[in-house]
Structure formats: structure tokens, C-alpha cells
Amino acid sequence: MKSAVVVFPGSNRERDVMRALELASGVRPAAVWHADTELPAGTELVVLPGGFSYGDYLRSGAIAARAPIMAAIRAHAGRGGLVLGICNGFQILTEAGLLPGALMRNAGLKFVCREVRLRIETTATPFTRSFAAGAVIRCPVAHHDGNYFADAETLARLEGEGRVVFRYVEGTNPNGSAHDIAGICDASGRVLGMMPHPENLIEELAGGTDGRPLFDSLAAA
Amino acid sequence: MKARVIVTLKNGVLDPQGKAIEGALAGLGFTGVESARQGRVIDLELADRDPAAAKARLTEMCERLLANTVIEAYAIEVGG
């Protein structure tokens with residue numbers, strides 16, 4: 001699996017996700033600079049990592065979503081390429097219009113850094129095939145603007161089409177997001193955005209391997 | 001030419017920061033504040049000389065960057 005992790009000024013989880021991808025696939029991902037205009041030839045998966053791109057200036061992910069590399073990512077997604085946005089990456093995908101809705105300030109107004117429990121709502125995506133259907137996993141979150149919002153019609157469509165991929169359960173919604181949504185995909189199921197950080201729970205040294213199946217799914221995709 | 005863009009949350013979008021402001025005002029003894037919603041002001045200095053052309057460009061700036069039109073509305077003031 002040839003993957004590319006995009007680095008914006010202020011990204012800070014790119015090494016974590018590169019490690020997760022390399023452990024699962026045996027192939028080290030390429031790092032792509034935000035100001036580049038092309039992805040490496042043969043890229044199958046593009047990852048937008050967590051962090052504070054552009055310091056969250058204007059709105060989280062707003063400026064990164066207009067970076068030069070985004071045109072190539074849009075084209076990649078249009079061809080059916082895989083795109084994974086984690087945390088700031090999810091914010092960038094909604095700002096870029098590649099996923100619907102918006103990520104707003106956490107309902108409790110505080111930056112939240114804790115572990116939540118996520119239910120895998122669908123195993124029908126290239127990101128979740130290696131999970132057991134309906135499995136509940138531990139996962140860390142670290143964000144200030146993770147409150148997923150979309151209008152009623154969009155929410156109904158997401159639920160009806162099975163596009164909610166991860167949901168906060170057992171009372172662990174850390175940000176007030178609508179329908180306890182933690183991650184969604186586009187209509188093709190090949191563009192996924194999620195607020196939690198599965199890349200930070202992939203080995204026992206980090207406290208668990210609950211996030212590992214996401215990367216195993218991708219390695220097998 | 002001076003221009004001002006005011007970005008506000010659309011009706012129906014919850015504003016916890018506005019709620020926090022309401023609570024803080026009440027705590028200071030200001031009664032009768034039925035609601036507060038927080039927005040953002042962006043002041044610009046443009047090289048345009050024609051207000052109509054400036055307004056058209058500002059509209060495009062709002063649609064493409066300054067406002068997230070999923071959740072925000074914007075108002076443009078030009079000149080003055």
C-alpha cells in the first residue's frame with residue numbers, strides 16, 4: 001500500500017500515523033509538503049494527520065484546506081483514491097468540502113485530551129474491514145474543535161446511507177457532536193474523516209492495540 | 001479602500017461560546033441579557049477604488065475562505 005502523509009505547517013501527528021502505517025504494511029509512507037502540487041506517483045492512500053495546521057487561524061483546517069496540494073488530493077479522491085483525515089485532517093476535509101458538515105468548538109468549551117470508547121458502526125469500508133462488526137474499542141482524543149455539526153437533512157442522509165463509521169458510546173462523547181458522531185465517510189466509502197487518534201493506540205507500549213485494525217484494514221485494501 | 005467583513009453563526013447553529021458570554025454577563029450582574037452569540041470581524045485594506053467591484057471581490061473572498069458557509073453567514077461593509 002503506497003501511502004502519502006501530508007505535512008502542513010503546524011501538523012504534529014504525522015510521525016505517529018506514519019509509524020502506524022509502516023507497522024501494518026511494512027512500507028514507509030512518503031511525506032508530502034503542503035505546498036507541493038503533486039502526490040508521489042502510484043499513491044493509493046493520502047493521510048491528513050492531526051495537529052494545529054496554521055495554528056487553527058481563521059478556523060481549524062480552513063487555511064490548510066486551501067493549500068496547493070489540495071487540488072491533487074481532490075483529483076485523487078475523484079479517481080477513487082483513499083483519503084484518511086484524522087482530527088485536524090477531518091477538519092481539513094470538511095473545510096475542503098470532501099466531507100459534509102463542520103467541526104465546531106467542543107460543547108464544553110475546553111480542549112479535551114482523554115480516552116473515549118468508539119463503536120465501529122460499519123465494517124463495509126476499506127478502513128474498517130479488519131474490525132469485528134459492532135466492536136467497541138478504546139481510543140484517545142485530543143481536540144478543542146471536534147463537535148461535528150451538520151443540518152438535519154445531512155445527518156439523516158449520513159445515517160440512512162450507513163456513512164457514520166465511528167460513534168462515541170457509553171457516555172464518552174467528549175465534544176457534544178451530533179448523533180455522537182466520531183467519524184464519517186463520503187458516499188464512496190473511500191474518504192474517511194475521524195476526530196479520535198487510532199494511530200496512538202497501535203502497540204502495547206502505548207497502552208493498547210485497539211487502533212491497529214484500522215491500519216491492518218488499509219494494508220489489506 | 002477600507003472594508004469590513006462580519007462573520008456570524010447561522011441561526012440554528014448552537015453557540016456554546018455565546019452561552020458562556022451570557023453566563024459571564026449574568027455573573028457580573030447584567031440582567032435581561034436574553035442571548036449572546038459570538039462572531040468575528042475581519043478588517044481589510046483593498047487597492048480597489050470602485051466600491052461595487054470591491055464588494056463583488058469581497059463576496060467571493062467570503063464564499064471561498066473568510067466564512068465557512070456550512071455554519072456561518074457574512075455581511076460586507078465597504079468604504080466609510
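Q: How far apart are the end C-alpha atoms of helix α1 (residues 14–25) of chain A?
A: This is a predicted model, in which local features need pLDDT of at least 70 and side-chain atom pairs count only at pLDDT 80 or more, while totals for chains, interfaces and linings use all residues. Residues are numbered from 1 along each chain as its sequence is written, and chains are lettered from A and ligands numbered from 1 in the order in which they are written. Helices (H or I, at least four residues) and strands (E, at least two) are DSSP runs numbered from the N terminus, and the expected span of a helix is 1.5 Å times one less than its number of residues. At 1.5 Å a residue, the 12 residues of α1(A) should span 16 Å, and this agrees with the separation of its end C-alpha atoms, which is 16 Å.

Q: Which residue of β10(A) stands opposite Phe166(A)?
A: Strand β9 (residues 164–168) of chain A has 4 of its 5 residues buried, so this strand is largely enclosed by the rest of the structure. Strands pair if DSSP finds at least two bridges between them, and β9(A) pairs in the antiparallel sense over 3 bridges with strand β6 (residues 112–120) of chain A, and likewise over 3 bridges with strand β10 (residues 181–185) of chain A. Phe166(A) has Ile120(A) opposite it, and its counterpart in β10(A) is Gly183(A).

Q: How many residues does helix α1 (residues 16–27) of chain B give to the side that touches chain A?
A: The contact (C-beta atoms, placed from the backbone, within 7 Å) takes 11 residues from chain A and 8 residues from chain B. On the side of chain B, α1(B) gives the most, and its contribution is 3 residues.

Q: In what order do the elements of chain B run from the N terminus on?
A: Chain B has 2 helices and 3 strands. From the N terminus on, they run β-α-β-α-β.

Notes. Two residues are in contact if their C-beta atoms, placed from the backbone, lie within 7 Å. A residue is buried if 20 or more other C-beta atoms lie within 10 Å of its own, exposed if 12 or fewer, and partly exposed in between; C-beta atoms are placed from the backbone.
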